[in-house]
Amino acid sequence: MAHLPISRTRTIMKTIDGADNVNKDALFLTTRAAELFIKEIASAACNTDNELTQMIPRKITVREFKALMDRKNDETDNLEEDSSFSSNKSDDSKDQ
């Protein structure tokens, strides 16, 4: 099994606010846990032909991501408008 570089893990851990000094034991255990996590994901992603299935989403551009988020927000807004319209309609029927 390939090992992850501990220096890379240290660099990533130091990006967290307040993590200026990283304990060597914590660094080793975090690196080992990451290795085991990667191994587990790779094992779960393998099908019977030992080919990786689509476990990780395909890469998209920022433009594509923003378009997806805009569509999602539009759908959410439409649902909220529909629900408010139906609640207003039921309120109107109660008034009669």
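A salt bridge joins the side chains of Glu 35 and Arg 32, with an N to O distance of 3.3 Å; the term denotes a side-chain nitrogen of Lys or Arg within 4 Å of a carboxyl oxygen of Asp or Glu. The model is predicted, so local features need pLDDT of at least 70 and side-chain atom pairs count only at pLDDT 80 or more, while totals for chains, interfaces and linings use all residues. Residues are numbered from 1 along each chain as its sequence is written, and side-chain values use heavy atoms, with hydrogens and water left out.

A search of the whole structure returns one salt bridge. Side chains of opposite charge can pair when their charged atoms come close. Glu 35 and Arg 32 are three residues apart in helix H2 (residues 24-45), and are therefore separated by about one helical turn. Glu 35 is buried, at 6% relative accessibility, whereas Arg 32 is partly exposed, with a relative accessible area of 33%. Here buried means under 20% relative accessible area, exposed means over 50%, and partly exposed lies in between (1.4 Å probe, protein chains only).

The secondary structure of the protein chain consists of three helices and zero strands, in the order α-α-α along the sequence. Helices (H or I, at least four residues) and strands (E, at least two) are DSSP runs numbered from the N terminus. Of the 96 residues in the protein chain, 7% are classed as buried. Among contacts with a separation of 6 or more, 31% involve residues 24 or more positions apart, a contact being heavy atoms within 4.5 Å.

Thr 9 belongs to helix H1 (residues 6-14) and is buried, with a relative accessible area of 11%. When residues up to four places away in sequence are not counted, Thr 9 touches Leu 27, Thr 30 and Thr 31. The C-alpha atoms of Thr 9 and Thr 30 are 7.7 Å apart in space, at a sequence distance of 21 residues. Thr 31 lies in helix H2 and is buried as well, at a relative accessible area of 2%. With the same exclusion of residues up to four places away, the contacts of Thr 31 are Leu 4, Ile 6 and Thr 9.

The protein chain exposes about 8800 Å², of which carbon and sulfur atoms supply 54%; accessible areas come from the Shrake-Rupley method with a 1.4 Å probe, and for residues only the protein chains shown count as cover. Patches are built from residues with over 30% relative accessible area and no salt bridge, joining like charges within 9 Å and nonpolar side chains (Val, Leu, Ile, Met, Phe, Trp, Tyr) within 5 Å. Leu 4, Phe 37, Ile 38 and Ile 41 make a nonpolar surface patch of about 340 Å². Leu 4 is located in the segment before H1 and is partly exposed, at 32% relative accessibility.

A negative surface patch comprises Asp 70, Asp 74, Glu 75, Asp 77, Glu 80, Glu 81 and Asp 82. Lys and Arg count as positive and Asp and Glu as negative, with His and the chain ends not counted; the charge is placed at NZ of Lys, CZ of Arg, CG of Asp or CD of Glu. Asp 74 is found in helix H3 (residues 62-95) and is partly exposed, with a relative accessible area of 44%.
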